[in-house]
Amino acid sequence: MKVIFKGIGKLFRALWRLISFTRQLILNLLFLAFAGLLIFAFYPSEEKPTLPEKAALVLDLSGPIVEHRAHTSPIDEFAGSALGQPPVQENVLFDIVDSIRAASTDNHITGLVLNLQDMSETNLTKLRYIAKAIQEFKQAGKPVYAVGDSYKQSQYYLSSYADKVFMSPDGAVLLTGYGSYSLYYKSLLEKLDVNTHVFRVGTYKSFVEPYTRDSMSDEAREANTAWLNQLWDAYTRDVANNRNIDPSMLTPELDDLITRLEAVGGDFAKLSLEMGLIDELVNRPVLNQKLIDQFGKDDDDHFNQISYYDYLGTVDNRDLPSKNKVAVVVASGAIVDGQQHQGTIGGDSTAALLREARLDDNIKAVILRVDSPGGSAFASEVIRSEVDALKLAGKPVVASMSSLAASGGYWISSSASKILAQPTTITGSIGIFAILTTFEDGLKNMGIHSDGVGTTPFSGVGITRELPEGVAKIFQLGIEHGYQRFIGLVSKYRDMSLAEADHIAQGRVWTGQDALRLGLVDQLGDFDDAVLTAAELAKLDSYELRWMEEPLSPAEQLLKEFTSEAQSHMAQAVFGQLPAALQPVTRQVVSDFTALNNFNDPKGHYAFCLNCTNIQ
């Protein structure tokens, strides 16, 4: 009898599992069908926008300018929102340049209006590439006007290339110069009884300074002053040339600025006009009429215009079809081990793109476009080894440095067939470090103690126990080996002795201009020059660019769009309760203390340039 009941029980359990499976299957199918309907209903159409007969292209950029649009998971985006990082619209540098170049030969486009009020501060190297396209537009015989209520530094740089710069009578041109500032936490960590163990090589390797000092070291101050002054000299020289003024006008002594401002009764707009930074002060109705006079009037009583975002959809960026391809692999962001989304350089994911280019017979050369402060030493070597494999396969690799190719960013570039940087590129910072924090003193003060046994001296190593002196020495030896590995690569591929490589390394940051003089790069040039160099090395007369990337699927794109509004609410809920003045400081503190958690080098060895990322 017991056997019979047992058999019946098994039968009912099997039936119940079948019913549960069927229910879940039906629900999943319904969910997928519903998701498919949503995608069909909301996913943007591929149909191109319609161009007006005649109109000015309005470059109304909003948000940051990037090398590569970041692809992040919804979970990561929610986490970012919780840390006060609301979603932003990213503008791809190459899309901007391609659109301006297309407009220069487009008969529908009669001029260019720079309306950059919402454009984020941008590194000078990227600005110069956009400015190159604006100059080409002017050379096509079409007018360029800049309009704005006021101008921040990056906004004004591009605006200075306009034929005329208009500003509101209540506006101002705000040029603050370049600086590199960090928060320092040594005293705070001491008060919290947190012990910071630092292992590094490089006199100038200053990533660890915020955790070990309360101020910038003399070495870091010396190096940072040198490259910041070079950037500012380049900025003022370009703007002064555009505006036909003396560069010293852009960097007045404080007393002289006060005297000038007192003379105009504190009117910043009038001072900007007198200094030659602005051509005319006009209110919005008057400005609109001036633009109508130039470009004609539309049905809404505005001047004939098309937004950059609408025009972008009409631009065909593809080269003429060719069986010869020059691949472009963009390495943008911090370098992290493993598979990563765009916006971060994954050791495995970036190496996979390089490997794909190597295995594609149609790809004859590769451009490695680098915009990175570095990161994991292990992941950097994984990527660099794929560069070597490409060269062994007979495919030249050109490293094209954007705004920043420092530390690990230089590591992955070091063995390229040719390295190109722009004069204002930040590079070098050839050094390596590791950092470990332990909390044994703070725990002891709270009455918490750690004790036990282990089979090796490393068994008890962790954040709750004092770091043994012998173990610390082993960590330092590993870092020293990593540094020798790094400068060994520089010595080998840059044709210099180990002593010469060590002399220009030491974690010091250089501009592209200095890097050329020191032999760290082969020539100065932008992305256009890198393309020509790659084609020349591969002996190609005709070719087309192939951008190596994995785009979001329609479902991922839809989910991203659906989560954006919720992210904004989350950010407001977390940081919106703080006084406005404290929000930037709070975000910086959170960022600094989570920076190391975002790194995942297997040995904890990092080639990263912190000061390069803190330009203000």
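Mentor: Keep in mind that this is a predicted model.

Trainee: Is Ser332 buried or exposed?
Mentor: Ser332 is buried. Its relative accessibility is 13%, and the cut-off for buried is under 20%, so Ser332 qualifies.

Trainee: What is Ser332 in contact with, leaving aside its neighbours within four places in sequence?
Mentor: Glu67, His68, Gly343, Thr344, Ile345 and Asp371.

Trainee: Let's zoom out. How many helices and strands does the chain have?
Mentor: There are 22 helices and 22 strands. The chain has 616 residues, and 47% of them are buried.

Trainee: Now the sheets. In what order do the six strands of the open sheet come?
Mentor: The order is β8-β6-β5-β4-β1-β9, with parallel pairing. The edge strands are β8 (280-281) and β9 (305-307), and each pairs on one side only.

Trainee: How many bridges pair β1 with β9?
Mentor: Three, in the parallel sense; β1 covers residues 55-59. Within that pairing, Val58 has Ser307 of β9 as its bridge partner.

Trainee: Which helices lie across those strands?
Mentor: Among them is α3 (residues 93-104), which lies across β1 and β4 (109-115). Helix α3 runs at about 165° to β1. Another is α11 (residues 284-295), lying across β1, β4, β5 (144-148), β6 (164-167) and β8. Helix α11 runs at about 165° to β5.

Trainee: Switching topic. How do α13 and α14 cross?
Mentor: At roughly 5°, with their axes coming within 8 Å. Angles under 35 degrees count as roughly parallel, so α13 and α14 are roughly parallel to each other.

Trainee: Which residues make that contact?
Mentor: From α13 (residues 347-359), they include Gly347, Ala351, Leu354 and Arg358. From α14 (residues 377-392), they include Val382, Ile383, Glu386 and Leu390. The residues of the contact divide into nine nonpolar, two polar and four charged.

Trainee: Which strands does β15 pair with?
Mentor: Its partners include β13 (residues 363-372), joined to β15 by six bridges and running parallel. There, Ser372 stands opposite Ala405. Strand β16 (residues 418-421) is joined to β15 by three bridges, again parallel. Val398 stands opposite Lys418 in that pairing. With β17 (residues 426-428), β15 pairs in the parallel sense over three bridges. Ala406 stands opposite Gly428 there.

Trainee: One more thing. What span does α17 reach from its first C-alpha to its last?
Mentor: 37 Å, for 25 residues (469-493). That is close to the 36 Å expected at 1.5 Å a residue. Its buried residues include Ile479, Tyr483, Phe486 and Val490. Just after α17, Asp495 takes a positive phi of about 55°.

Trainee: And α8, what should its 26 residues span?
Mentor: Helix α8 (residues 218-243) should span 38 Å at 1.5 Å a residue. Its end C-alpha atoms are 37 Å apart, which agrees. Just after α8, Asn244 has a positive phi of about 55°.

Terms used:
Residues numbered from 1 in each chain as written. Predicted model: local features only at pLDDT ≥ 70, side-chain atom pairs only at ≥ 80, totals over all residues. Heavy atoms only, no water. Buried < 20%, exposed > 50% of the residue type's maximum accessible area, 1.4 Å probe, protein only. Contact = heavy atoms within 4.5 Å. Helix = DSSP H or I, 4+ residues; strand = E, 2+ residues; numbered from the N terminus. Expected span 1.5 Å × (residues − 1). Pairing = 2+ DSSP bridges. Axes fitted to C-alpha atoms, helices over the stretch in contact; angles between N-to-C directions. Parallel < 35°, antiparallel > 145°, perpendicular 65-115°, else oblique. Nonpolar A, V, L, I, M, F, W, Y, C, P; charged D, E, K, R; others polar.
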